[in-house]
Each structure stands twice: as structure tokens, then as C-alpha cells.
Amino acid sequence: MRLFNITHPAFFLLTGIPGLESAQFWLAGPLCVMYAVALGGNTVVLQAVRAEPRLHQPMCYFLSMLSFTDMAMSVATLPTVLRTFCLSARTIDFHACLIQMFLIHSFSMMESGILLAMSFDRYVAICDPLRYATVLTNEVIAGMGLAVTSRSFITLLPLPFLIQRLPICRSNVLSHSYCLHPDMMKLACADITINIVYGLVVLISTIGMDLLFIFLSYVLILRSVMAIASQEERLKALNTCVSHILAVLAFYVPMIGVSMVHRFGKNVPGFIHVLLSNIYLFVPPVLNPLIYSAKTKETHRAIVHMLHRIKM
């Protein structure tokens, strides 16, 4: 028996990029490259942190969490995206869509929480360096990782049930090549106020607060850096934050762009909505390993050393 005796479509139809259907096959190549870079790059980062003792430090542990989350996000979207663009196979089972929706939103929230934890790491390292090793112990780092994971799964667990309670009878065509909560709830022919309110509350109380605390941490970091007498030391301190700042921008700027377009861009073409959503989901997993391997000397050296040993 279905939940609340409400019938749902047996499957949804996924959409590539509206208006660019004829070019979807040619977009499959770049998408495959992006997935290969995301999965390969983050695998290399994880292996480097595991194998290189010099990377057994708090920031690199947080980086490994970020890489794992990026890999998980890529794996969650990969099957439906590649089937839609490469094989034109658009169908996805209703319950499989619920699972994918839950995983995408959960891993997105986890990434936000990890970026917040990394900002705390930078705050302690710059503002209170003498206590860095005693504050960010392995136990504290593991506890922060567990808290971020638990927050994501517990907070978003109601989403599949909020969708299941809705009768979906307007259409079964989704506007993306993967399943998202806002996309699915718009297909319901019933009151979706609870879904809207719950989604907004969750967004503001988690990702919104993460962004606020990241901003505040950098205000405190800048205040501490400005108190350093030597300009060379100031630049050295700020340089340790560059990778994290770029990762924050890569994650939050597309997210804010998607939110602004969805809220205020009613006259914006549909493919712009889809492109921004794809950038939000696909770009951070690709950029993060490149950013940290290029901008962080310890990580760069460890990866080069590891690859050199593999060649030997």
C-alpha cells in the first residue's frame, strides 16, 4: 500500500538542457571529462592524505572529507546524467528518484558544513596558533566530521516523506537530469506550503548559517592579520587561506546564483536555470582538487611525490 493511499507516477522523465536537445549528445563528452577529473582528482587527494605522513594534519583531514563528499556527489548524479546525455534514457523510478534527491541535498549540505569546519581551522591557525595542536586534535576533527554528517542526514530525512505525501498528477517530467526537491514538489497537484517552508527553514538554518559563520571567521582573521607588523608575514598568513576562499567561492557563488534565478528570474530562459544548477553541482567537485593541489604547497608536493613513486 502506498503512503497515505496517494498514487504516484511509476517513473519520472529527466531532462537534459531545454532547447538544446539536439546538442545533448555533444555535451556528453565534456561531462565525461568533468566526471573523470572530479573522481580521479579527488581520489588522488584522498590517497595522498592517506599515504603521506606530512599531510596528517587537521587541514588535510578536512580536505579529505571535502574530497570524499565531492566524490559522493559525483557518484550520486553520474548514472542519470550520463544516461540522459549519452543514451537519451530519460526514465528514473519514482523511489530511485527520492533516494537520489536525498543524497544530492545531503552531500551538498555536508560540503557546506565541511567548508565551515575548514574556516574554523584557518581561524585557529592564524588567530590562536599556539593552541592549534591542542584545539584541533584528532578526536575533535572526527567529532566535527560526525556532526556535519549527522546534521545533513537527520535534517534532510523528512524530504522523501514530504514528497511521498503529495499526489503528483500534473506531469512526471523533471527539468533536470537528476532529482531535486524543488523540482519534484512543483509537479504536485496539492498544497506544497509545508515543503516550501521546511525547505526554506532548512536552507537558512544550515547552509545560510554556515555562510554567515564563514564570513565572520574571515572578518576575525583579517582583523588578526592587520595587527601583524610585517607586511611579508601578513601576506604569508593570508596566502594560507587562498585555497579555502576559492573553494568557498566555487561552492556558494553558483548556489546563490541558482537561488536568485529561481526566485527572481521568471523571464530567464529555462536552459539558464538548468545550466546554473549544473554548474552548482558539477563545478566544485572538479575545481576543489585542482585548487588544493595547485595552491597548497604541502598537498602539491605530496601528490607529486606519490605519483613519482607510482611511476617508479
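Me: How far is the sulfur of C127 from the closest cysteine sulfur, and in which residue is that sulfur?
Reply: A disulfide here is a pair of cysteine sulfur atoms within 2.5 Å. The sulfur of C127 is too far from the closest cysteine sulfur for a bond. That sulfur sits in C241, at 8.8 Å.

Me: What kind of model is this, and how are residues numbered?
Reply: This is a predicted model, where local features need pLDDT of at least 70, side-chain atom pairs count only at pLDDT 80 or more, and totals for chains, interfaces and linings use all residues. Side-chain values use heavy atoms, with hydrogens and water left out, and residues are numbered along each chain as its sequence is written, from 1.

Me: Is C127 buried, partly exposed or exposed?
Reply: Buried means under 20% relative accessible area, exposed means over 50%, and partly exposed lies in between (1.4 Å probe, protein chains only). C127 has 26% relative accessibility, so this cysteine counts as partly exposed.

Me: What about C60: buried or exposed?
Reply: C60 is in no disulfide either; the nearest cysteine sulfur is that of C241, 14 Å away. Its relative accessibility is 5%. C60 therefore counts as buried.

Me: How many disulfides are there, and what is the pairing in sequence order?
Reply: A disulfide is a covalent bond between the sulfur atoms of two cysteines. The distance rule gives two disulfides. Numbering the bonded cysteines of the chain in sequence order, the pairing is 1-3, 2-4.

Me: Which hand does the disulfide of C97 and C179 have?
Reply: The S to S distance from C97 to C179 is 1.9 Å. The torsion about the S-S bond is about -115°. The disulfide of C97 and C179 is therefore left-handed.

Me: How many residues apart in sequence are the parts that C97 and C179 tie together?
Reply: Helices are DSSP runs (H or I, at least four residues), numbered from the N terminus. C97 lies in helix α3 (residues 94-127), and C179 in the loop between α6 (158-164) and α7 (181-185). C97 is buried at 0%, and C179 is buried at 0% too. The parts tied together are 82 residues apart.

Me: Which hand does the link of C169 and C189 have?
Reply: C169 and C189 are joined with S to S 1.7 Å. C169 is exposed at 51%, while C189 is partly exposed at 35%. With 135° about the S-S bond, the link of C169 and C189 is right-handed.

Me: How many aromatic pairs are there, and what geometry do F102 and F153 show?
Reply: Rings of Phe, Tyr and Trp (its six-membered ring) pair if their centres lie within 6.5 Å; planes under 30 degrees apart are stacked, over 60 edge-to-face, the rest tilted. The whole structure holds seven aromatic pairs. F102 and F153 lie 5.6 Å apart, centre to centre, with 50° between the planes, and the pair is tilted.

Me: How do α2 and α11 pack, and which hand is the crossing?
Reply: Axes are lines fitted to C-alpha atoms, for helices over the stretch in contact, with angles from 0 to 180 degrees between N-to-C directions. Helix α2 (residues 58-86) and helix α11 (residues 270-295) pack at about 145°, their axes 9 Å apart. A crossing is left-handed if the near helix is turned anticlockwise from the far one by less than a right angle, right-handed if clockwise. The crossing of α2 and α11 is left-handed.

Technical notes. Helices (H or I, at least four residues) and strands (E, at least two) are DSSP runs, numbered from the N terminus.
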